[in-house]
Amino acid sequence: MSSNPLEIDFAGITFKNPFILSSAPPTMDPRHILRAARLGWGGAVMKTITHEPTVDPRTRLGALRREGNTIGMNNIELLSRKPLKTWTNEWIPEIKREAPEDFIFIASMMSGPEPEGWTELAETMSRTGADAIELNVSCPHGSPEKHMGAFIGQDPGLVEQVTRAAKKGTDLPILVKLTPNVTDIVPIAKAAVKGGADALSAINTVESLIGIDIETATPMPIAYGVDKKEQLSTYGGFCGPAVKPIGLRFVSQIAKAIPDIPISGIGGIGDWTSAIEYLMVGARTIQICTAVMWHGYSIIKDLTAGLIEFMNRKRYTTLESMIGKALPKITTWTALSKLPPVVARVIEDRCTGCKDCVIACADGGYVAIQMKEKIAAINQEKCDGCGLCYVVCRDNAIEFVHTN
Ligand SMILES: Cc1cc2nc3c(=O)[nH]c(=O)nc-3n(C[C@H](O)[C@H](O)[C@H](O)COP(=O)(O)O)c2cc1C
C-alpha cells in the first residue's frame, strides 16, 4: 500500500492526489497548466478543443452576488482559442515534458453528432502523450446551437454512439463529462458506460440567465450583437459555490445507479470540506474551475492539507475508505420518519441577538422564537423542528436536540 494517503486509482490511472483542474480558463495553455502542476495539483483537463478554434464574445462572465459575496458565476465562453495542431504538436508535448512526472494530463475534446469526428479526434489525441481523454458532451451554451455539447449530452442514443466512436480511436481511458441540464442523468450515464466510457465526470455548468441590468433592461453578461453596437446576451453556464447541491445530487445518483464506474466530481468545490462531500457521495477524483479562477492555483495547499488533517482526525487511512460513505444514508422521502421529536436550541454564547431567526420564525415558521435578554430563546413547545432558524442564522448558533 502507498504511504501517500491521498493517492487514488481512477480508471486505471494513479493520481497522487484527487485534485484536478477542470477544463476551463485555468487550463487554457501550457503557461497556466505548468504553474498548477508545479504547485502540486494531481492533474488537469485541458480547455476543450474541437476541429476549429473559438472566438468568444466580450464580456462573457456574470456574477451572482448576495450581501457582498459572490456565490455563483455564469459564462458564455466556448472552447479553446488555439487550433488543434497547436495543442497536439506543441503544447501537450511541452506539458508532458515539463510537468512533474506524476502530473496527469487529460485531453478534452468535442465534436458533432457524426461519430467519425470523435474517432478522428481521439486518434489524434492519443498520439500526443495525453494520459486520458474527456469527452465534452455537456457545454450548455453555444455548442448546442451547433448540435454539439449538451445537444449530444441530453440524448442517451447520441451519448452512447459518440462514446463508442471515441473509444474506437484510442486505447486511452475515456471520461465522459455529463450535463446537469437533463431531467434524469442516470439513463445518460448508463448510455455512456454502454458506449465504453471508463469513467464519468459530473457536472458541467447549469444553463442559466444570471441577471438583468434593470437600468438598461439588458441581460447579463452584457455582450454585443454582430453589428458590435447593440448590447445583447445569451443563456450561459452557471457554476461556483451555488451549484454544489446540484453536483452532489447528480454524482450521488450516478454512484447509486452504477456503483462500479469511477466518477470525477465537479461543481462548486472550493475547499477541502466540499471535496470530502463529493468523495462521500461517490466521487473518486475532484475537478475544480471557479475556485481557481477566483483564488488561484495555490488553493491546492489548503485542499491537500485540510483533507489530510481530516483523514487523520477521523482515522481514514485511505481516500478509498471515504468514497461513497454517505450514499447508504440517501434514501427516499417515504422512508423518512415523520415528525421525530427534534427541536431547535440556541447556542447562547454564539448568538449575537440579531433577531433574524425571530423574524423568520414569526412569518415563515411556527412563531416559536422570542428575544430574552438580547438573546434568541426558542419555545420548544411551539418549535416544529423545521430548521428555518438554522437557515437564517449567520452566527452558526442553532443546534437540534431530541426532546425525549
Ligand atoms: C469560463 C468557463 C469556461 C469553461 N470552459 C469549459 C470547457 O471548455 N470545457 C468543459 O468541459 N467545461 C468548461 N467549463 C466548465 C467547468 O469545467 C466546470 O465543469 C464547471 O465550471 C463547474 O465547476 P466549478 O463550479 O468548479 O466551476 C467552463 C467553465 C467556465 C466558468
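The lining of the largest pocket in this predicted model comprises, by class, 20 nonpolar, 17 polar and six charged residues. The volume of this pocket is about 600 Å³, and of the 43 residues that line it, those closest to its centre are Ser22, Thr205, Cys239, Cys289 and Thr290. Several elements of secondary structure each supply at least two residues of this lining, namely the strands E6 (69-75), E16 (236-239) and E18 (285-288) together with the helices H8 (272-280) and H9 (290-295). Among the contributors, H9 provides the largest share of the lining, with five residues.

The second largest pocket holds about 480 Å³ of space. Its lining is made up of 27 residues, and those nearest the centre of this pocket are Ile76, Leu78, Gly142, Glu145 and Lys146. When this lining is divided by class, 14 residues are nonpolar, eight are polar and five are charged.

At the level of the whole protein chain, the domain assignment gives two segments, with domain 1 spanning residues 8-329 and domain 2 spanning residues 342-402. The centres of domain 1 and domain 2, taken over C-alpha atoms, are separated by 40 Å.

Helix H11 covers residues 356-364, and within this helix Cys357, Val358, Ala360 and Cys361 are buried. In an α-helix there are 3.6 residues a turn, so residues three or four places apart point the same way. The cover over the buried residues of H11 includes strand E20 (369-372), strand E21 (375-378) and helix H12 (388-392). For Cys361 in particular, the relative accessible area is 12%, and this residue is therefore classed as buried, given that the cut-off for burial is under 20%.

The cysteines were also examined for covalent pairing, a disulfide being a covalent bond between the sulfur atoms of two cysteines. With the criterion that the two sulfur atoms lie within 2.5 Å, the count of disulfides in the model comes to zero.

Conventions: Residues numbered from 1 in each chain as written. Predicted model: local features only at pLDDT ≥ 70, side-chain atom pairs only at ≥ 80, totals over all residues. Heavy atoms only, no water. Domains from an automatic or database assignment. Buried < 20%, exposed > 50% of the residue type's maximum accessible area, 1.4 Å probe, protein only. Helix = DSSP H or I, 4+ residues; strand = E, 2+ residues; numbered from the N terminus. Contact = heavy atoms within 4.5 Å. 1 Å grid on protein atoms, 1.4 Å probe; cavity = no way out; pocket = protein on both sides within 12 Å on 5 of 7 lines; lining within 4 Å. Points joined across faces, edges and corners; volume = space filled by probe spheres on them. Nonpolar A, V, L, I, M, F, W, Y, C, P; charged D, E, K, R; others polar.
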